[in-house]
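The exercises below are to be worked with the sequence and the coordinates open. Each task is followed by a solution in steps.

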Amino acid sequence: MKYQSHHRVGDGPWVRRTLVLLTVLLATLFLAIPLILIFSQALGAGWGVMISNITDRYTLHAIGLTLFVALLTVPLNLVFGVALAWLVTRFHFPGRKLLITLIDIPFAVSPVVAGLLYLLLYGRNGWLGSWLGEYDVQLMFSWPGIVMVTVFVTCPFVARELIPLMQQQGSEEEEAAVTLGASGWRLFRKVTLPNIKWALIYGVVLTNARAVGEFGAVSVVSGNIRGQTNTLPLHVELLYQDYNIAGAFAAASLLAAIAVLTLAIKGVAEWRQARLMANDRPDRKLQ
Amino acid sequence: MKTWIKGLVAGAAILSAQGALGAERQLLNSSYDIARELFAAYNEQFKEYWLEKTGDTVTIDQSHAGSSKQAQAIIQGLKADVVTFNQVTDINILHERGQLIPEDWAERLPNNSSPYYSTMAYLVRKGNPKNIENWDDLVREDVELVMPNPKTSGNGRYTYLAALGYAQETFGDDQEKTDQFLADLLGRVKVFDSGGRGATTTFIERGIGDALLTFESEVLNIADRYPGEYEVVTPKISFLAEFPVTWIDEYVEQNGTEDLAKGYLTHLYSEEAQRLLAGFNYRVHDGVVKAEFSDRFPEVTLLPVSEIAGSWENAMETHFASGGKLDQLQRRR
């Protein structure tokens, strides 16, 4: 059989149009309409109701707690992810492959299971929990527990973004910098960071989005105390079960707004990065 | 430069000073899913009562979820001062697995530590077109039912036990007839939802079924919300669904809230609290309030679990465990 290399699948106008139509249709049904629905439901009873729903004492607390958790989680996982990616791409040591596999555990494990693991470990009857209890340290059913499971669930994002990039880039530029006498910190700031900046921002954006939206793991360790340990996703469920549909959608629209904002930040970051790189290398402009 | 640290220290100092000055006290109530509005209202009443009685201001935090999940959380260290549940078994677990309360917790407050109760009733469509009055109407060929699944919800288990109680009263010792009645009833169920709220949605929003079987309180709430669209039928014989409460000895000791927790639960039995509870469509014990609400709650025979199945442990083991009576009856269809 002879293979006709100049005629590819998808060249025909009908195939192309069908594929485009199908993609647009699916994107509309599964992405656009639900997003629009969230906002239209939230605004169903007017702006006044939506604002009063959002400024409800417990909703405000849930927003505050969710942002607080993200604020702690993101920097922690930023440092952890960079350190880990640096370690596994710049050094060779026994167990390196195993470590790379271990990073993926939070992806592989269901968040509910992750929450239960922490509960069994740090809960009152857990190994560490009973010991901590003697010193009156309570981690589960209070904000530290929520931060812990959120850190666990989101810890692969930064490292997973950086590792392939850093592997591909190799360490030549860094080796050159070392031979020119750069210190460790300067090396990182001037050579490594500019190269990985884009992937790093992307990792942070994903970490933040997940930290804000995490439900399963947080639900297990939260204790659902309204005004104390109720994060925004848990609050949405709570309002929904209360038959407060408008309130639930108002809170959900906040989460959706955070998601849209996150994507916008990512877009701006990408664009700035591209411009920065063009300015950094005037020689390329001349060509 | 380091003003923000100073600010933090000053803030902490102010906060702790406040704590020392005013008698500001805290209480955490761990409760079941659908009791949010009820306890939001009761907490306001109790705060006023406690302020008048002791001069202390109380902040009451509420945690709501399925009561089995709540019990697990408390065993794992959620330091609730009091629990207000809808399942006796979920409080028993706090003793069995957690050793947090004594075995005889139910004796500590009146009426088996159940300040209010309810029973199982039917919601039928306007005019009661299928003429449903009692349990034997539910097994008719032309009737379709909606109820929560007894496997996954306490609500569904209560309905199952209520029907069992009726069958036992009707057929006496004839085990075969009792079993067949229950199998027929389960066979008439069109949709088994996983929980009470889901069953309500199926009946109301999706318009499925001729009768919804659930708590009388839920049935009355729906009838109030959609006036003229539905009718409430309370069968002559039904199940006594208790709503047990208790304080968690271990945690009230740690939190120093024993008097407050006991006061909170005891006040549930007062006339004003009982009136509030009856307003939320729960049956109460207080004689005066009972008389006031006699139109709402017709006199019916309510059988406790001890009469129908011996005990909760026994009921769970014989009827609802995997391979138990419920599974066998459902296979008969």
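**Exercise 1.** In which helix of chain B is B:Asn112 found? Give its phi and its exposure class as well.

*Solution.* Conventions come before the steps. The model is predicted, so local features need pLDDT of at least 70 and side-chain atom pairs count only at pLDDT 80 or more, while totals for chains, interfaces and linings use all residues. Residues are numbered from 1 along each chain as its sequence is written, and chains are lettered from A and ligands numbered from 1 in the order in which they are written.

Step 1. B:Asn112 is found in helix H5 of chain B, residues 110-113. Helices are DSSP runs of H or I with at least four residues, strands are runs of E with at least two, and both are numbered from the N terminus.

Step 2. The phi of B:Asn112 is positive, about 60°, although the residue is not a glycine.

Step 3. A residue is buried if 20 or more other C-beta atoms lie within 10 Å of its own, exposed if 12 or fewer, and partly exposed in between, with C-beta atoms placed from the backbone. B:Asn112 has 16 C-beta neighbours inside 10 Å, so it counts as partly exposed.

**Exercise 2.** Find where A:Asp136 is placed, and state whether A:Asp136 is buried or exposed.

*Solution.* Step 1. A:Asp136 sits in the loop between H7 and H8 of chain A.

Step 1. Its phi is near 65°, a positive value in a residue other than glycine.

Step 2. A:Asp136 has 7 other C-beta atoms within 10 Å and is therefore exposed.

**Exercise 3.** Describe the overall dimensions and secondary structure of chain A.

*Solution.* Step 1. Chain A contains 15 helices and zero strands.

Step 1. Its radius of gyration, taken over C-alpha atoms, is compared with the globule rule, 2.2 Å times the number of residues to the power 0.38. For the 287 residues of chain A the rule gives 19 Å; the radius is 24 Å, well over that, so the chain is more spread out than a compact globule.

Step 2. Along the principal axes, the C-alpha trace of chain A spans about 60 × 60 × 50 Å. Of its 287 residues, 31% count as buried.

Step 3. The UniProt record, an unreviewed entry, annotates residues 63-267 of chain A as "domain: ABC transmembrane type-1". Over residues 63-267, chain A is 80% helix and 0% strand, with the end C-alpha atoms 24 Å apart.

**Exercise 4.** How many residues of chain B are in contact with chain A, and which elements of chain B give two or more of them?

*Solution.* Step 1. 14 residues of chain B are in contact with 16 residues of chain A.

Step 1. Strand S2 (57-64) and helix H3 (67-75) of chain B each give two or more residues to this side. S2(B) supplies the largest share, four residues.

Step 2. Ala, Val, Leu, Ile, Met, Phe, Trp, Tyr, Cys and Pro count as nonpolar, Asp, Glu, Lys and Arg as charged, and the others, Gly among them, as polar. On that basis the side of chain B that touches chain A has five nonpolar, five polar and four charged residues.

How values were computed. Contact = placed C-beta atoms within 7 Å. UniProt positions renumbered as here; feature names shortened; annotations may be inferred.
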